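Welcome, and thanks for opening this structure with us. Take a moment to look around before reading on.

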Amino acid sequence: MKISRRILSIFILFSSVCSISWATVLYGNGALSMPSDSLVSGKRPYWEDETVFGENKEDGHATFMPYATTALLQADERYQKPWLTPSQAEFLSLNGLWHFRYSPDTRTARTDFVEDLFDVSAWDTITVPSCWQMKGWDTPLYINVNHIFEDNPPFIRIQKAYASAVDPNPTGSYRRDFILPTGWEKKRVYLHFDGLYSGAYVWVNGRYIGYTQGGNNDAEFDISAAVRTGQNNVSIQVVRWTDASYLEGQDMFHMSGLHRDVYLYATPRTSIRDHYITSKLHPESDYTTGEISVAVDMDNRDGSAARKTVGIRLLDPKGKMLWEERKQTRLSVGEQKQSLHFRKADLRNLSLWTAETPTLYTLIITQWDEKGHEELAFATKYGFRQSEIRDQSVYLNGRKVLFKGVNTQDTHPLHGRSIDLPTMIKDITMMKQANVNTLRTSHYPRQPKMYALCDYYGLYVMDEADLECHKNWDDHGEKGGITNAESWRAQYVDRTVRMVCRDRNHPSVLFWSLGNESGGGENFRHTYAAVRALDSRIIHYEGATRGGTEYTDLHSVMYPSLAQVQAGANGRGTEGKPYFMCEYAHAMGNGVGNLQDYWDIIERSSAGIGGCIWDWVDQAIYDPSEIKRGLYRLHTGYDYPGPHQGNFVNNGLVTADRSWTPKLYEVKKVYQHVKFDAYDSKSKLLSLRNAYSFTDLNRFGLRFKLLSDGCVIESGEMDLPELPAGEKTALRIPVADIPMYSTRDYHINFELFLREATTWADKGHTVASEQFTLAQREGFASLLPERMPTLQVTTEGDHLRIANDRVQLVFDLHTAELIRWNYGDCPVIVPKGGPVYDNFRWVENDSPYGSIPPGAPASQVQPAVPSYEVNADSTRVTLTASHHALCPYRLTYYIYGDGTVDIRADFTPEKEQADKLRRLGIKMYLPLQMDRIEYLARGPHENYVDRRQSAFFGLYSDRVSHMVESYVRPQSMGNRTGLRALTLTDESGRGIRVEVSGQVDFSILPYDDEVLAQTRHRWELSAPTHHILRFDYMQRGLGNGSCGPGTAPAYLCPSSGTYSFELRFRPH
């Protein structure tokens, strides 16, 4: 079962196609008989033997779906959309209902059910694809870095700390019947799995077929000798934990079962088995001329004499034939394999594939029998493009490309690791709408349909092998452990080779990635060599960069600081390689701070090519036991046993149910491919720069809106002239001259929109936007009346009362606390709910892994004795109090007879407390009935000093209850920067209006931040009793501290000086 280093090296160095039988080299072809009572016999079981990871398993090969004729192929909807389930192919889906039996321990799981006539009618049923944990058996486990089992490869023993919480090694026994389609008894029939966790034994009609490991690699078995006419049965025993689990230690919920598609397909007995398409484009013609080559592998495993004809047809995107060629092949008795090579050398006027222009051609491959009858046809969508590394940059079709990416996971709140097609499409269309052009398949290959979607919609893909032995790497260092163990080498190479052989015909795949966080051991030298022998694409492995080895074509890093990006993106310490952030901007909870700063560096750099945000989607799930009760509440890592990392599983730019978030709006803005460099309000010239690599701006229109205090006073649209990629222009905007008053704010907004619908967005969709400030008021917008009623000032014990029939305020004379504030009979605050300094702010990005750091809690505010004075005509009372707190501050109240209350806040931070400062601001407690809000600020979504590029100044309205964001774990949220005014009212329209002078952020929520931080699930928040209104001169930036650098220095609260703002309250 083992493969020597010498044999492996020979294979790697000389294999250029996937026709050499890995199964033969590694395991041999014999079908073994299995014990009928258990998966464990006297010798070490397969699932605890790293040298056995497959038996009788087919070699990896390119995805294809066979049809009996070309007519049937082209009549199927799948011909144009190869992610769809075929309706006319030689195909039989085994998705659907299976019989299922759960066993808690593989060592005692019985296999008597595999017998041909075994009765499983009394068993439970389960749908496939699915994860059995999400169907109510066993337990979902969120584990990152560690394992639920001891780190003692290849053996599986649950850690003692969790032995009573989980089953020893759960096993699922699956069985279902199927009817063999007519005529298939004369064909070669394959059983195909898109993936399964983590190992499985397979039987058909009681006959042992084989064994497979590899959760996210395809597995196929030739079951021709086992099937029969009419009714058949297939039995599968899936083992949750195997030695392969040491290589599947990704940061995710770990589940098991037949989690991807299962199906049968049939081909002629002697048939095409693999095909590999390559092309070479000519730079001198701007890559629009070139040649195409197709390598076709014939499989004649029975060794019988055969004569076949194989034909190639290349069709352009409109279906026009560009090339047709046929070749005859004769296979002699005993000749099991043969390769054919086709080449077309003079292709012209090619339309090129890029993520911006995903043009696809169709290659039809047909096989005829010796009598000239069609017996096999299939189609592959192919895109002409040519990538290369040049001058520490990546060029596609001769043009430099920046990769604006995300990392992705297969996750669904209801289905767990089983992701359905509508969700795949939603993910991709949302990415496109958010200007994402790259996805990294972290950290395992996806289903073939996902790559077909990326080809079609246009996304660059970094295709990553299912390899992460994080815990073993942590325990044994960069070049130790199983990554450096020869006994594991073949399994490392097999996983990588299978990925490459399957996916290398996809134009969307620009990069291969060898795995993730597994150290720089010797086994990666072999995987790198294996990939390079099979394909010429760029190879990535961050572990090689970290480990100081050469097994990567990119200098790849994780979670760098801005200073590190500044150095690396300009070629310092990168050994002449392009600089790539394979993970950055950790999006846990309320995060993705200073994204614009990263891209300001990348876009001006000499070697930076971009990066992939971690990550796309929250991985929260509905609890399986609650699903059965019809209850759908999101759960996270700490809801289940194991060495979890809390809520570290939820780092998404979108929610688990694929809703947009403020984080994604920021990504869309920063990633946009058009730059609005400047607007001159006098000349009315807009400076526009086309930062696309391949798109002319004439496919877009331009909208403009002129705003006065957030309200549109003029708008228009205009066509854009031709502007090739990389070019600049100045456009004169046909906006009228208007008077601008000193008491108002004026802005102009621009939006670039699609003139026509695309595959991923409707006509009119905004692809890029910007806002420019034209004029900004200083001071308050409204003035005080010249005449106003008088105020009465009285003391009542420890209280100071300032009042007339319009306004009443009561202060505590010992603490300066505002304990009551009414406008007439309408309370402004709840009792003792007046303004007070509060430093508390906790978001998961404040500290590693989302922990609550010591600096987050608010310090005690020391009581202060207020001083006050009444003006000569008793129309104004001024009350001042200075408090000692984490940040010393002073509040000055100006109370006027007309009901106006001005509050001035002065903050004087101290250097020794700087690292603890989260806010310079005050909070107030308001009655719950004031739930309607209109505000003039940046919005409409929450924004922060380091995440507000996408939040434009405007006039927005909402309900306070809607200001609560959908974070899986509650935390500080809802901030809006740049406040100018807000109005809060109840249902009758009564309430308050607040104007602002100076720099102010605000938030209003039905929960205090301390309550949010102490609550583990949003659905555990109790019914609110009041609203918390905050005004901050500044709130600390979000940063990326949950995994990576904290808040950048430019966005920290100041540590010296005095900072002030003023608020003007009036009844509404």
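What follows is a short tour of a helix, a loop residue and a pocket in this predicted model.

## Helix α5

Let's begin with α5, which spans residues 448-457. Nine of its ten residues are buried, so the helix is largely enclosed by the rest of the structure. The buried ones are Pro448, Lys449, Met450, Tyr451, Ala452, Leu453, Cys454, Asp455 and Tyr457.

What covers these buried residues? After α5 comes Gly458, with a positive phi near 100 degrees.

## Thr408 in its loop

Next, find Thr408 in the loop that runs between β24 (403-407) and α4 (421-433). Is Thr408 buried or exposed? Its relative accessible area is 4%, and because buried means under 20%, Thr408 counts as buried.

Setting aside neighbours within four places in sequence, Thr408 is in contact with Met431, Leu439, Arg440, Thr441, Ser442, Arg446 and Trp616.

## The largest pocket

Finally, turn to the largest pocket, which holds about 1,100 Å³ of space. It is lined by 50 residues, and those closest to its centre are Gln596, Asp600, Lys669, Glu770 and Gln949. Two or more lining residues come from each of α11 (595-603), β34 (674-680), β35 (685-690), β40 (766-775), β53 (952-959) and β57 (1026-1035).

Helix α11 gives the largest share of the lining, with five residues. Sorted by class, the lining has 17 nonpolar, 18 polar and 15 charged residues.

Definitions and conventions: Residues numbered from 1 in each chain as written. Predicted model: local features only at pLDDT ≥ 70, side-chain atom pairs only at ≥ 80, totals over all residues. Heavy atoms only, no water. Helix = DSSP H or I, 4+ residues; strand = E, 2+ residues; numbered from the N terminus. Buried < 20%, exposed > 50% of the residue type's maximum accessible area, 1.4 Å probe, protein only. Contact = heavy atoms within 4.5 Å. 1 Å grid on protein atoms, 1.4 Å probe; cavity = no way out; pocket = protein on both sides within 12 Å on 5 of 7 lines; lining within 4 Å. Points joined across faces, edges and corners; volume = space filled by probe spheres on them. Nonpolar A, V, L, I, M, F, W, Y, C, P; charged D, E, K, R; others polar.
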